[in-house]
Structure formats: structure tokens, C-alpha cells
Amino acid sequence: MRLNSILNRYVFFELIPPFVINMVFFTFVFLMAKILDIANLVVNYSVSLLSVIMMLVYAIPSFLVYVIPMSVMMTVLLTFLKLSSDNELIAMKAGGVGLYKLLPPVLFFCGIGFAATLCMGIYGMPWGRVAAKELTYQIAASNLDIGLKERTFNDSFDGVMLYVNTIDIQTKTLVDVFIEDQRTADMVSTVIAPRGQLFGEPEKHLFHLRLYNGTINQVGLKNRSANSIHFDTYDLTLDLNRSINEAKRSRKDEKEMGFRELVESVKHSGQKNSRYYKKVMEIHKKFSIPAACFALGLIAVPLGVQSRMAKRSFGLGLGLAFLLLYYVLLTIGLVLGKRGYYPPFVGMWLPDLLIGGLGVVFLIRTAHERTVGIDRIMYWFQKVKSLNGRWVNRITRSSD
């Protein structure tokens with residue numbers, strides 16, 4: 001059958017509306033965690049709307065790497081569930097159109113998903129992560145209290161170690177402040193204060209900390225002297241320039257590297273440690289996850305056709321179960337592959353091979369009018385559901 005035939009065009013255009021809906025839905029789900037963090041920045045730190053929008057834009061490519069294969073599978077499943085429930089597949093079979101002849105538009109659609117996911121993995125994700133990292137640091141440099149964490153030692157400042165027990169975001173007040181200052185040669189100063197106020201000059205990356213009713217303990221390393229000073233007010237200048245320079249010089253992680261950078265880094269790796277395995281797995285992942293569009297799309301066809309006798313929600317649940325199985329296998333492959341238990345390509349490609357293999361088997365059985373066991377799963381599901389209902393009734397009667 002020609003790819004541009006009326007039937008193939010019909011099936012292909014039937015795939016587009018559910019794909020758009022799935023893309024919007026899954027992207028929104030993935031963005032929920034980011035939205036909560038960003039809402040905190042807007043409400044508590046008055047971050048500009050432009051910065052918020054750019055943070056969302058930079059985060060989207062990393063999500064799309066996973067969202068596109070998920071959307072492809074659910075789109076194919078929903079489309080064939082619709083064709084089955086509307087008896088259109090039966091009409092096609094009566095007209096001499098077998099299941100194999102409906103595969104060209106599905107494979108073409110999966111190919112589009114493969115290309116889009118590949119572009120996101122190779123180009124979009126590294127660009128988004130690097131840009132988001134730079135933007136986050138700019139925001140943190142302009143709002144120092146974003147970078148400060150309660151009950152955590154902060155050494156981002158030149159020669160100064162800062163510890164704060166509690167931070168009042170609204171008033172920018174620091175409670176129970178401990179500072180170790182080593183900026184003076186041969187002198188270590190320890191400053192303790194119950195309260196401090198933070199303000200500064202963000203454009204110069206300089207911040208000023210005003211402390212109240214505290215104590216300064218100074219120890220001279222050269223002459224081994226010590227003295228203690230009590231103060232009512234003490235001003236301390238904090239310089240972020242060293243931290244900014246270190247951030248610029250810091251090396252990228254494997255998810256921030258482009259494809260060529262990853263390949264070159266692997267070639268010049270001196271030893272096969274955990275970082276080496278992460279890089280190799282990232283290279284394979286850039287191709288294995290896009291290939292999942294074919295594996296997941298292929299298994300969705302027989303699931304959609306075989307679920308015509310069951311409830312539509314059951315077919316969707318079964319599709320989500322296989323989708324979850326794929327990502328569970330991928331996660332296991334990532335964890336074990338990073339530790340070097342087996343070659344990195346095994347963990348990255350095994351989920352595709354297993355799901356794709358099941359898809360081929362299910363497709364062949366479905367094309368020959370043979371069941372793939374969905375009816376049995378439905379039967380046992382209904383049986384377990386009825387047993388649970390009986391147990392609930394018994395417990396309710398015994399409690400009465």
C-alpha cells in the first residue's frame with residue numbers, strides 16, 4: 001500500500017489530535033515540579049516574569065526527551081482504541097485491509113517522534129541545561145538570600161565561611177549567624193551574632209551583612225594571641241566574584257555536554273570510573289530513548305486492537321503499565337550501568353529490545369487473529385476486583 005493512499009492519510013491525521021493533547025498533558029505534568037520552585041522564586045524573591053518564562057523554556061527540552069516517546073505510545077494506543085471501538089478496523093478487514101497495511105502511517109509517525117526526540121537529546125537538552133544554569137546563577141547572584149540555605153555551611157564567598165540557622169525571607173533577616181573570616185593574613189576571626197540584616201550591590205556582586213549584638217573572637221596564628229570583642233553593630237562585606245569565576249571555570253556534567261563533547265571526553269578518559277560510564281551511557285541514551293518511539297508505538301498497535309472487547313480505560317491502563325515497565329527497565333539500566341556491572345549499551349538498549357520484541361510478537365499474533373492474553377488479564381482483573389468487593393462487604397458487615 002502506498003504511503004500517500006487515502007487510508008494511510010486518514011490513519012495518520014487521526015494520530016495528530018491525540019498527540020497534541022498528550023504532549024500538552026505530559027509536559028504540564030513534568031513542569032509541575034518546576035512550577036512549584038519557580039512560584040517560590042516569584043512569591044518570596046520577586047523574580048521577574050521574563051526570568052520565570054526563560055527558566056520554563058530552558059527546562060522544556062529536558063522534559064521533551066521523555067515526553068515525546070510517551071506521547072507517541074499513548075497516541076497510537078488511543079487511535080487504535082478508537083478505530084476498534086468504532087468498528088472501523090472490522091470494516092477495513094472486510095475490505096481486504098489487514099493490520100500490516102495500517103503500519104506505514106504508524107511507523108512514519110514514530111519516525112517523526114524519533115527525529116524530534118533525537119534533536120531534543122543532542123541539541124535541545126545540553127543548550128537548555130547550560131542556559132538554565134547560567135540564568136539560575138545570575139538570579140542567585142542578584143538575590144543572595146536565594147543561594148543561602150538554613151543550617152548549611154556556605155563557602156561561596158572569598159575567605160568567608162557563613163552559617164545561618166534561620167532565614168526570614170520577607171524581612172531578609174538572618175537568625176543565629178556564625179561566620180569564620182580568614183581574609184586577614186595570619187588572623188582567623190570568628191563572628192557570632194543572634195541577628196543579622198542582608199543588603200548589598202547586586203550589579204557589583206557585593207553584599208553587606210550587618211550583624212547586631214554579637215561577639216568577635218580573633219586568633220593570631222603568627223604570635224598565637226587571642227582576644228574577644230563585643231559589638232552592638234558590625235558590618236561585613238561579602239564578595240561573590242570568586243564564586244562566579246569558579247562557576248565559569250567548572251566543567252560541564254555529562255547532561256550539559258553536546259554530542260561531540262561527550263565523544264571527545266570519552267576518548268580522552270584516562271580510567272573507566274563512574275564518570276566515564278555516565279558519559280558512555282549518556283551517548284547511548286541520546287539514541288536509545290528516541291528509538292523507544294518505535295518500540296512503544298509498535299506495542300501500542302496490538303494493545304489498541306486487542307482491547308476492543310474490554311473497557312477503554314482498561315486498555316489505557318494496560319498501555320500505561322507497559323510505559324511504566326519501559327522506564328523502570330531504563331532506570332535499572334542507568335543505576336547498574338553507572339556502577340559498571342555490565343557494558344553501558346546493555347542497560348540503555350535492553351528496554352527497547354524487550355518492549356519492541358513484545359510488540360512484534362503481539363503484532364504477529366494480532367494480525368493472525370490470535371489473542372495476546374489481554375482477555376485473560378481482564379478476566380483475572382475482574383476476578384480480583386470482585387474478591388476485593390466481597391472482602392470489603394464482609395469487613396463492613398462485621399464492623400456493623
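**Close-up views of a predicted model**

**Figure 1. The whole protein chain.** The protein chain has eleven helices and six strands, where helices (H or I, at least four residues) and strands (E, at least two) are DSSP runs numbered from the N terminus. This is a predicted model, in which local features need pLDDT of at least 70 and side-chain atom pairs count only at pLDDT 80 or more, while totals for chains, interfaces and linings use all residues. Residues are numbered from 1 along each chain as its sequence is written, and side-chain values use heavy atoms, with hydrogens and water left out. Of the 400 residues in the protein chain, 41% are buried, a word that stands for under 20% relative accessible area, with exposed meaning over 50% and partly exposed in between (1.4 Å probe, protein chains only). Among the contacts in the protein chain with a separation of 6 or more, 66% are between residues 24 or more positions apart, and contact means heavy atoms within 4.5 Å.

**Figure 2. The packing of helices α2 and α8.** Helix α2 (residues 49-85) packs against helix α8 (residues 274-306) at an angle of about 15°, and their axes are 8 Å apart. That angle makes α2 roughly parallel to α8, since angles under 35 degrees count as roughly parallel, over 145 as roughly antiparallel, 65 to 115 as roughly perpendicular and the rest as oblique. Here axes are lines fitted to C-alpha atoms, for helices over the stretch in contact, and angles run from 0 to 180 degrees between N-to-C directions. The residues that meet include Val-65, Tyr-66, Met-73 and Leu-77 in α2, and Lys-285, Ile-289, Cys-293, Ile-299 and Leu-303 in α8. By class, the contact of α2 with α8 has 19 nonpolar, three polar and one charged residues, where Ala, Val, Leu, Ile, Met, Phe, Trp, Tyr, Cys and Pro count as nonpolar, Asp, Glu, Lys and Arg as charged, and the others, Gly among them, as polar.

Figure 3. Lys-285 has its place in helix α8 and is buried, with a relative accessible area of 8%. Leaving aside neighbours within four places in sequence, Lys-285 is in contact with Tyr-66, Lys-255, Pro-290, Leu-334 and Met-348. Leu-330 belongs to helix α9 (residues 312-338) and, at 3% relative accessibility, also counts as buried. Although Leu-330 and Lys-285 are 45 residues apart in sequence, they are 9.4 Å apart in space, C-alpha to C-alpha. Beyond its neighbours within four places in sequence, Leu-330 is in contact with Tyr-66, Ile-289, Gly-347, Met-348 and Pro-351.

**Figure 4. Gly-319 in helix α9.** Gly-319 lies in helix α9 and counts as buried at 0% relative accessibility. Not counting residues up to four places away in sequence, Gly-319 touches Met-73, Leu-77 and Leu-303. Gly-319 and Ile-299 are 20 residues apart in sequence and 8.7 Å apart in space, C-alpha to C-alpha.

**Figure 5. Ser-62 in helix α2.** Ser-62 is found in helix α2, where a relative accessible area of 13% makes Ser-62 buried. With neighbours within four places in sequence left aside, Ser-62 is in contact with Met-125 and Arg-129.

**Figure 6. Cysteines.** The structure holds zero disulfides, a disulfide being a pair of cysteine sulfur atoms within 2.5 Å. For the sulfur of Cys-110, the closest cysteine sulfur is that of Cys-293, 6.8 Å away, which is too far for a bond. Cys-110 is buried at 0% relative accessibility, whereas Cys-119, at 40%, counts as partly exposed.
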